[in-house]
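User: I have a structure open and would like to talk it through. Can we start with how the helices pack?

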Amino acid sequence: MNNEYLKLVHEALNKKIELAQNNAKQLKKLYEDVAEDLLKKASKSKGFNKAWLNDYSKVVQNRLRELENNIYELNEDALKTSSQIAAAVQATFFEYLEDKFELDIPKELYKSIYSIPEDIVLKLISGNLYKDGKGLASRIWSSTNKMGQDINFILAKGIAEQKSYLEMIKDLEKYVDPAAKKPWNWKTVYPGVNKQVDYNAQRLMRTGINHSFYLSSMESNKRNPYVESVHWELSGQHYERQVKRFGRDECDDYVEQNKYNLGQGNFPKDEVPIPHVQCLCTQYGVITKSMEEIGKELGDWIAGGNNPMLDEWYTTNGKNNAFSKLAVSKEENSGIIKAILKEGGIINE
Ligand SMILES: [Zn+2]
């Protein structure tokens, strides 16, 4: 295995985890802000009755539309960044070679890698990639809509049961505050009401970040001819969270197989399985040639030497870039690339 390259892979994986953690915090903050606004408004009530609830529902609806927009923007950014981090692995690989061996790699080839992120993000947002065809906007709407219904249910029930002012406010707070502890009998008192207000939105974003990263990695692996196969690696928590509690799953089969004779756990680039829901495994392109070997090969080819593999690469990726009006610019990506190189200990700057 090419160790410098493997460092890039691991650095990108760390960056993705960091991204997911930061975004989870930001998302929680969005819900905390909503909780604050809704509670403030409810606490001004002079009496809880149906007429009040009617007015209040409108306030809730408006605030939830705003939340929806904020969640959408947060997701859009997160998907894009996650995809950029993944594609940056292959782009960084070539930039490293270019610098180290003073090569002049055709810019069209970079373009082919840089154009991946926007492309993937557009597909994820539109929902084209999913069986149910549901896009990002309608998934977010489903969770905020449920939130609106839950709030209405809690308040209507309180009014019907003539709960006190304080009880009403407290129950509302327990629901809307993402950090609030729920009483043990929450499910009995409020059947069907979500226990964690931001649960679905958090799950949606986490899944999106993972999908975006996976799709972008798989696509960029295909665009790097030095990636020979894709390796499937179990998450460090796979045994504790899966095997010990529920037994083996398909991921165990993936890492143990060698049915393509590419090495254990390796798949051809276009036959990599799609990770199941909530899968924590990682998948990355395998490069066994050393940087020195690859640098020499590229150098010879750029100087006019014969290399059918690289010719083919240029034909399929280099010239085919009329579509890359979507391309993320090299400048836009270079921040991420620099960070990966630096934190991976590959450059010191
Ligand atoms: Zn898995």
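**Helix packing and domains**

Analyst: α1 and α6 are roughly antiparallel to each other. Keep in mind that this is a predicted model.

User: Why do α1 and α6 count as roughly antiparallel?

Analyst: The axes of α1 and α6 (residues 165-176) cross at roughly 170°. Angles over 145 degrees count as roughly antiparallel, so the pair gets that label.

User: And how far apart are the axes of α1 and α6 where they approach?

Analyst: The two axes come within 10 Å.

User: Which residues of α1 and α6 meet?

Analyst: From α1 there are Val34, Ala35, Leu38, Leu39, Ala42 and Ser43. From α6 there are Ile169, Leu172, Glu173 and Val176.

User: What classes of residue are in that contact of α1 with α6?

Analyst: Eight are nonpolar, one is polar and one is charged.

User: Change of topic. What domains does the assignment give?

Analyst: Domain 1 covers 1-223 + 289-349, and domain 2 covers 228-286, according to the domain assignment. Their C-alpha centres are 23 Å apart.

User: How many residues are in contact between domain 1 and domain 2?

Analyst: Seven residues of domain 1 contact nine residues of domain 2. On the domain 1 side, the elements that give two or more residues are α1 (3-43) and α8 (199-222).

User: Which element gives the most on that side of domain 1?

Analyst: α8 does, with five residues. By class, the domain 1 side that touches domain 2 has four nonpolar residues, two polar and one charged.

User: Now the backbone. What is the phi of Glu102?

Analyst: Glu102 has a positive phi of about 50°, and it is not a glycine.

User: Why point that out?

Analyst: Because most residues other than glycine have a negative phi.

User: Where does Glu102 lie?

Analyst: Glu102 is in the loop between α2 (50-100) and α3 (107-114).

User: Is Glu102 buried or exposed?

Analyst: Exposed: Glu102 has 9 other C-beta atoms within 10 Å, and a residue with 12 or fewer counts as exposed.

User: What about the phi of Asn261?

Analyst: The phi of Asn261 is near 55°, which is again a positive value in a residue other than glycine. Asn261 lies in the loop between α10 (250-256) and β2 (266-267).

User: And is Asn261 buried or exposed?

Analyst: Asn261 counts as exposed, because it has 7 C-beta neighbours inside 10 Å.

How values were computed: Residues are numbered from 1 along each chain as its sequence is written. This is a predicted model: local features need pLDDT of at least 70, side-chain atom pairs count only at pLDDT 80 or more; totals for chains, interfaces and linings use all residues. Helices (H or I, at least four residues) and strands (E, at least two) are DSSP runs, numbered from the N terminus. A residue is buried if 20 or more other C-beta atoms lie within 10 Å of its own, exposed if 12 or fewer, and partly exposed in between; C-beta atoms are placed from the backbone. Domain bounds come from an automatic or database domain assignment. Two residues are in contact if their C-beta atoms, placed from the backbone, lie within 7 Å. Ala, Val, Leu, Ile, Met, Phe, Trp, Tyr, Cys and Pro count as nonpolar, Asp, Glu, Lys and Arg as charged, and the others, Gly among them, as polar. Axes are lines fitted to C-alpha atoms, for helices over the stretch in contact, and angles run from 0 to 180 degrees between N-to-C directions. Angles under 35 degrees count as roughly parallel, over 145 as roughly antiparallel, 65 to 115 as roughly perpendicular and the rest as oblique.
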